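Subject: Handing over the two-chain model

Hello,

Here is the structure I promised to pass on to you. Please open it first, and then read my notes below alongside it.

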Amino acid sequence: MRSISRRGDMSLAEPAALPVAASAPPRLHIVTRFTSRFKASLPAYLLLLPSLIFLALFTYGAMGRVLIDALYQRATPKAPLRFVGLDNIAAVLADPAFTGAVVNNLIYAVGTAIPSIGLALLFALALARTNAVTSALRAALFLPVLIPMVAASALFLFIFLPNVGLLDYYIGRLLPVLPNWLGDPDIALYAIMVITIWKNAGYYMLFFLAGLQAVPEDVMEAAHLDGAGPFMRLRYIILPELKPTFLFVIVIATLNAVTQVDHVFVMTKGGPSNATNLVLFYIYQQAVEHYDIGMASAATLLTLAALMALTALSFRTMANREGGR
Amino acid sequence: MLFSRRLMLGLAMAGALAFPALAGEGPTDIELFFPVPVDGKLARDMSTLIKEFNDAHPDIKATAVYTGSYDDTLIKTRASIKAGKPPAAVIMSANFLLDMQIENELTNLDSLIAADGSSKDQFLGQFFPALSGNAVINRSVYGVPFQNSTPLLYINADKAKEAGLDPSKPPQTWLELTDWAKKLTKRDGDKVTQWGIAIPCAYDYCGWMMETLTMSNGGRYYNEEFGGEVYYDTPSMLGALTWWSDLVSKYKVHPPGATPGPAVSTSFISGNAAMMMLSTGSLTYVRENAKFNYKVAFIPRNVRNAVPIGGASLIIPAGVEADKQKAAWTLIKWMTSPEKSAWWSRATGYFAPNMAAYKTPDMVEFLNKNPDAKTAVEQLDVAKPWFATYKTVPVRKNLEDEVMLVLNGKKQPKEALVAAQKAADETLKPYNAETSLKLP
């Protein structure tokens with residue numbers, strides 16, 4: 001990690017060094033300088049062109065379309081589309097189903113990110129050394145990542161079946177009343193969260209394993225010689241070294257919490273009574289069930305804005321911390 | 001090596017160029033979008049059916065495209081209409097037709113019927129009368145019934161005998177059903193080890209079951225003539241929801257919370273629930289999986305015997321070219337003919353919408369072997385249309401969200417129905433604004 005961050009510092013320094021060479025050139029030369037610079041970087045642009053075209057077609061084009069769609073609405077089913085400005089966004093914000101979905105999504109994000117990251121770290125620390133046993137265990141813990149979310153959800157549907165499912169079959173004997181795991185609005189969201197944690201912990205473990213490889217052996221040895229116990233080494237060496245990994249995994253976990261709704265789709269369709277409705281599923285409902293593209297686009301824009309702000313913030317914090325070292 | 005690759009590429013391009021020229025003289029290519037709500041076997045049955053059609057009609061080449069669930073099929077159909085390339089025919093959930101007609105997404109079939117020299121009444125006369133409500137909008141035909149269902153009461157006959165009940169005389173009223181459910185519930189202290197009855201409630205199924213209970217309580221659920229009204233806050237629905245809620249919290253003979261259809265059927269098959277209300281579409285599944293004697297019966301009444309239909313119709317989306325429309329119409333008529341209708345019914349468990357299907361020799365023999373399939377057909381005499389309004393799915397969800405709260409003991413029935421009515425009225429508002437409330 002340390003070596004990577006140093007390389008990062010260098011690349012950050014590069015653009016700063018360039019303006020020094022361009023010390024107050026005459027105005028006339030600006031155009032020729034620009035063309036010559038453009039000529040120099042032309043191959044780079046040409047190389048980037050294919051991906052730029054596809055990005056424009058499938059990412060920025062779609063985003064632009066969403067932006068436009070969010071500004072139009074029909075007053076009645078047969079009326080033509082008309083420009084409504086920010087009305088759609090206001091309507092989405094005023095919709096209790098949307099605010100409910102945002103609250104659910106926050107609970108879901110925090111409730112899945114913290115346990116899955118905690119478990120991932122635990123697994124990584126336990127399995128950091130490579131031998132036959134840990135390799136097998138790593139593979140076992142990574143297995144849920146390989147199962148598609150839809151298939152995993154179908155599996156868990158059987159596990160959660162009230163009265164006859166695997167869970168009730170074993171745990172049910174101990175409980176006085178069997179809970180309806182997916183049919184009770186107080187429990188359903190947590191049942192869904194369990195699947196996400198089970199599925200993602202193994203994936204995050206990989207990042208922590210990689211992070212642990214970068215913890216410098218000499219520092220660990222020095223600490224060992226100085227009499228630092230395992231806890232001290234974890235607290236003062238390993239965890240600080242893993243900081244960039246943490247930041248990265250937190251960003252990924254948050255993005256997953258917003259973009260993974262396959263299990264909601266398969267298992268509950270947002271129910272019962274909207275108890276498991278998450279923001280992305282709300283957007284799907286607006287677009288498909290309500291057939292209201294304006295509202296769906298407005299909700300998409302709001303989500304996109306929140307996600308971009310969050311990502312920018314995290315990466316800036318990451319860059320700051322890296323720069324400070 | 002390089003040469004041969006170039007040659008192949010050249011040949012492929014020449015072929016691609018030549019193909020459109022040939023297409024004009026060849027058979028008319030049409031696509032059929034079809035959903036499979038149950039399992040993979042139906043997809044194979046569908047390709048068998050389409051292959052048979054293509055062999056019998058050399059001038060048409062139909063391709064069956066599997067499009068997922070009923071809801072997915074609606075999405076994909078709408079997407080292809082928007083892209084300007086609609087499929088020539090679609091098997092569409094029967095209660096989506098009104099919504100699509102309001103959005104101008106359907107082809108009016110009247111002229112195709114007239115071109116055959118048939119009248120609308122003659123054409124619709126082939127099908128069970130209960131089905132026309134979901135096929136005819138503003139006196140024009142928009143859909144042709146293809147696979148249909150009604151809800152049934154399934155009884156575990158062995159458990160009934162064990163409890164001293166006679167399965168040959170199934171409960172006919174809510175009172176009798178409540179009594180049966182009490183006798184069939186087994187308790188171990190506070191814990192229930194066997195439920196008397198289970199009724200599914202997940203989005204989609206929940207609304208259908210509420211319509212079933214409301215109709216057998218004398219109610220209507222929605223305005224059959226006009227897509228802008230639902231009757232949620234009414235005595236008939238209040239009675240229906242209160243009884244369902246009583247089964248859960250007062251008598252404790254029905255599992256609490258919202259339980260989806262597959263969970264209910266699994267519960268019944270495993271003996272955990274002694275009775276269930278479920279679609280005729282599950283009959284084949286129960287027949288193949290139940291390791292005990294079972295019995296199917298009409299949905300018991302409180303006021304009258306009445307049930308809604310379910311299932312799907314064949315439609316032609318708006319914007320299909322004339323020659324493809326004609327080819328699609330040939331396919332639709334062929335698929336809904338007595339023989340094919342009967343064959344599909346035996347393969348799937350749905351009942352055949354074409355009445356003449358039940359007079360075909362194969363079907364007579366099948367019904368003699370499986371008398372339980374007869375009950376579904378007999379119940380059609382009291383069947384009514386499936387709720388269909390402007391924005392059917394959201395309007396249905398407005399009710400379902402509240403029903404789920406009641407089944408979880410979080411709301412009283414009356415309070416829930418008032419909230420559901422208010423939410424549904426709000427959803428229906430834009431449609432009313434341009435119909436019932438648009439005044440001179």
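**The three-stranded sheet of chain B**

In chain B, 3 strands make up an open sheet in the order 10-7-11, with antiparallel pairing. Two strands count as paired if DSSP finds at least two bridges between them, and helices (H or I, at least four residues) and strands (E, at least two) are DSSP runs numbered from the N terminus. Strand 10 (275–279) and strand 11 (294–297) of chain B are at the edges with a single partner strand each, so one side of each has no neighbour in the sheet. On average, neighbouring strands of this sheet are turned by 30 degrees against each other, direction ignored. Axes here are lines fitted to C-alpha atoms, for helices over the stretch in contact, and angles run from 0 to 180 degrees between N-to-C directions.

Strand 7 (residues 151–156) of chain B pairs with strand 10 of chain B over 5 bridges, in the antiparallel sense. Within strand 10 of chain B, B:Ser279 is the residue opposite B:Pro151. Helix 11 of chain B lies across strand 7 and strand 10 of chain B, at about 140 degrees to strand 10 of chain B.

**How to read the model**

This is a predicted model, in which local features need pLDDT of at least 70 and side-chain atom pairs count only at pLDDT 80 or more, while totals for chains, interfaces and linings use all residues. Residues are numbered from 1 along each chain as its sequence is written, and chains are lettered from A and ligands numbered from 1 in the order in which they are written.

The pLDDT is the predictor's confidence in each residue, from 0 to 100. For chain A its mean is 84, and 90% of the residues of chain A reach 70 or more. Within chain A, confidence is highest in helix 4 (residues 96–126), at a mean of 94, and lowest in helix 1 (residues 2–21), at 41. Over residues 1–23 of chain A the pLDDT is below 50, and this stretch has 9 contacts in the model beyond near neighbours in sequence. A contact means that the C-beta atoms of two residues, placed from the backbone, lie within 7 Å.

**The five-stranded sheet of chain B**

Chain B also has an open sheet of 5 strands in the order 2-1-3-13-6, and here the pairing is mixed. Its edge strands are strand 2 (60–66) and strand 6 of chain B, each of which pairs on one side only. From one strand to the next, the twist averages 20 degrees.

What about strand 6 (residues 144–149) of chain B: is it enclosed or open? Of its 6 residues, 6 are buried, so strand 6 of chain B is largely enclosed by the rest of the structure. Buried means 20 or more other C-beta atoms within 10 Å of a residue's own, exposed means 12 or fewer, and partly exposed is in between, with C-beta atoms placed from the backbone. Strand 6 of chain B runs antiparallel to strand 13 (residues 310–315) of chain B, and 5 bridges join them.

**Helix 10 of chain B**

Among the residues of helix 10 of chain B, B:Met237, B:Gly239, B:Ala240, B:Leu241, B:Ser245 and B:Leu247 are buried. The buried residues of this helix pack against helix 8 (174–184), helix 9 (205–216), helix 17 and helix 18 of chain B. Just after helix 10 of chain B, B:Lys252 has a positive phi of about 55 degrees.

**Where the chains meet**

In the model, 22 residues of chain A are in contact with 29 residues of chain B. Helix 11 (261–269), helix 17 (392–407) and helix 18 (413–434) of chain B each give at least two residues to the side of chain B that touches chain A. The largest share of that side, 5 residues, comes from helix 17 of chain B.

Best wishes
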